[in-house]
Amino acid sequence: MLKDITIGQYIARDSIIHALDARIKIMITTILIIALFTIDTFTGFGFFAAFVLVVVLLSKISVKKVLKGLKPILILVLFTLFIHIFLTKGGEVLWSWRFISIESEGVYTGFFMVSRIFILILFTSLLTLTTSPLQLTDGIEYILSPLKRFGVPASELSMMMTIALRFIPTLLEEADKIMKAQQARGADFESGNLIQRAKSLIPLLVPLFISAFRRADDLALAMESRCYRGGEGRTRLHELEFRYYDFIALIIIIILAVAVSFY
Amino acid sequence: MSLIEISGVDFLYENDNSDRPALQNIDLQIEAGDFAVIIGSNGSGKSTLAKLLNVLLTPSKGEIFVAGLNTNNPDNTWKIRQRVGMVFQNPDNQLVASMVEDDVAFGPENLGIPTQEIRKRVDKALEMVGMAGFQKFAPHKLSGGQKQRVAIAGVIAMEPDCIVLDEPTAMLDPQGRKEVMETVQYLNKEKGITVVHITHFMEEAVNADQVIVMNQGQILHKGSPKSIFRLVEQLKDVNLDIPVAVEVAEYLRQENIDIPDILSIDELVDALC
């Protein structure tokens, strides 16, 4: 049951968006997030949303799947909306009852914020939807590499992410196994209130942690015996390569971002 | 000079409360191209010996030379690790990447080999262990025997002179064990790679050039498989399982039936029928 969880939310497709270099995609996302925060009209958001839709269509991932990614933040969005509607004051009073009142400014800011959050999440989720975790870690390593001079261990960080990704399925499998073993000895993971259920996880977590540490020890030994000595002097099987359309995409985005923020 | 020369080696783990060193007075030579099998029960020091060959540990006393390089000299560490590849017991805990080809490429990447050359080596190594076509697979989708063969490929891609396998079959089912042993034997016989195979399954010593029996940190016997298996009683004393055919032959010999030295079921069948 635990095995079926997909890591990250990468959906493999053969599209231009997928083929873009991971570094370019990270840069584009950053530029557009900044641009998004400079927008102060609904027209701007409309324009932005249209652009996101074009990217989704180009990525060949179904709109439904992309929208599904918004589900977890729905509560946050509704919360933001209500806070603004009830607490931001100013403009006409639309409705009031004793000390509670809704004013036009509040409604406006509420919907404004919600549009911003929706577009932000939609757009950033496109990055993880169209970029495999491995490319993503490579891209992050590359982008962080200028910071190596200041002592940021960029390649080690990316190695850590790679290993974490590699071991997620292994540890899930192990958790499943331990759970079954404990259930066979009468452990109960399903009934009781929240606190009881949280407590019942202890016999699962303790062995899982111990075995994770043991694995880490073994892995360190195996890596050392295969000549791993940090990022210095390492080469790669998959080099990231900029191609001409990566630059075209970047230039288009910069023009768009500048246009949107000065509009 | 032999590929691996061990002379007068003792090893004592730090923070170890026991008085007995993990290894005591080990003398051993392994020739290039040999298939050497080290057998011993738990705690006999065989895994410690394996780690010494790869400079994961250095001897407390004595010297080890690998291809003429002294393991006590820290300057030699990485050169030796490139020449002596290690495969460990747990197939899950030695694969680094979430794709087979990335994992096999890990060693060559660490050595700083150019990208095109890595690609060639990865494909060649996977073909040698019979895992060609699995390049894009995730390790957790493979069987134990397949994972272990990927681990072997990862070592071969570094083009070592020698592979040390530390109980590579201990956690596998019989099918996986067979796959791994066939791969190892192929690499030794066809590709001329020296193999040091550490195991507690005695059957796996049958095809060896040299068998070393370890007990309590010392070498009990070394010699050809036939010479070792003749010591049935002594091997039983140190808690080793003797292959059934060897044991049957020994009982027949005790009953004064004239029977040659037997290593496998097939030989026993030939001798009796």
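Colleague: How many bridges join E1(A) to strand E2 (residues 100-103) of chain A?

Modeller: Residues are numbered from 1 along each chain as its sequence is written, while chains are lettered from A and ligands numbered from 1 in the order in which they are written. Helices (H or I, at least four residues) and strands (E, at least two) are DSSP runs numbered from the N terminus, and two strands pair if DSSP finds at least two bridges between them. E1(A) and E2(A) run antiparallel, and the number of bridges that join them is 4.

Colleague: Which residue takes a positive phi in the hairpin of E1(A) and E2(A)?

Modeller: Within this strand pair, A:Trp95 stands opposite A:Ile102 in E2(A). The hairpin has 2 residues between the strands, and the residue with a positive phi, near 50 degrees, is A:Arg98.

Colleague: Where in chain A is confidence lowest, among its helices and strands, and where is it highest?

Modeller: Chain A averages a pLDDT of 85, with 96% of the residues scoring at least 70. Residues 1-7 of chain A stay under 50, and the model has 11 contacts for them beyond four places in sequence, a contact being a pair of residues whose C-beta atoms, placed from the backbone, lie within 7 Å. Where pLDDT is low, the predicted coordinates should not be read in detail. The lowest value belongs to strand E1 (residues 93-97) of chain A, at a mean of 77, and the highest, at 92, to helix H10 (residues 202-225) of chain A.

Colleague: Are H5(A) and H6(A) roughly parallel or roughly antiparallel to each other?

Modeller: Helix H5 (residues 74-87) and helix H6 (residues 104-130) of chain A have their axes 7 Å apart and pack at an angle of about 160 degrees, where axes are lines fitted to C-alpha atoms, for helices over the stretch in contact, and angles run from 0 to 180 degrees between N-to-C directions. Angles under 35 degrees count as roughly parallel, over 145 as roughly antiparallel, 65 to 115 as roughly perpendicular and the rest as oblique. The relation of H5(A) to H6(A) is therefore roughly antiparallel.

Colleague: How many nonpolar residues does the contact of H5(A) with H6(A) hold?

Modeller: Among the residues that meet are A:Leu81 and A:Ile85 in H5(A), and A:Met113 and A:Ile117 in H6(A). Ala, Val, Leu, Ile, Met, Phe, Trp, Tyr, Cys and Pro count as nonpolar, Asp, Glu, Lys and Arg as charged, and the others, Gly among them, as polar. This contact has no charged residues and 5 polar ones, and its nonpolar residues number 10.

Colleague: In which hand does H3(A) pass H6(A)?

Modeller: Helix H3 (residues 42-59) of chain A packs on H6(A) at about 20 degrees, with the axes 11 Å apart, and the two are therefore roughly parallel. A crossing is left-handed if the near helix is turned anticlockwise from the far one by less than a right angle, and right-handed if clockwise. H5(A) passes H6(A) in a right-handed crossing, whereas the crossing of H3(A) with H6(A) is left-handed.

Colleague: At roughly what angle do the axes of H2(A) and H7(A) cross?

Modeller: Helices H2(A) and H7(A) are therefore roughly perpendicular to each other. Their contact includes A:Arg23 and A:Ile26 of H2(A), together with A:Asp138 and A:Tyr142 of H7(A). The axes of helix H2 (residues 22-38) and helix H7 (residues 133-144) of chain A come within 8 Å, and the crossing angle is roughly 70 degrees.

Colleague: Which are the edge strands of the open sheet in chain B?

Modeller: The sheet has 4 strands in the order E2-E1-E4-E5, with antiparallel pairing. Strand E1 (residues 4-11) and strand E4 (residues 61-66) of chain B pair over 5 bridges, and 2 bridges join E4(B) to E5(B). The strands that pair on one side only are strand E2 (23-30) and strand E5 (69-70) of chain B.

Colleague: Which element gives the largest share of the side of chain B that touches chain A?

Modeller: Here 32 residues of chain B are in contact with 26 residues of chain A. Helix H2 (77-83), helix H3 (100-111) and helix H4 (115-128) of chain B each give two or more residues to this side. The largest share, 8 residues, comes from H3(B).

Definitions and conventions. This is a predicted model: local features need pLDDT of at least 70, side-chain atom pairs count only at pLDDT 80 or more; totals for chains, interfaces and linings use all residues. Two residues are in contact if their C-beta atoms, placed from the backbone, lie within 7 Å. pLDDT is the predictor's confidence in each residue, from 0 to 100.
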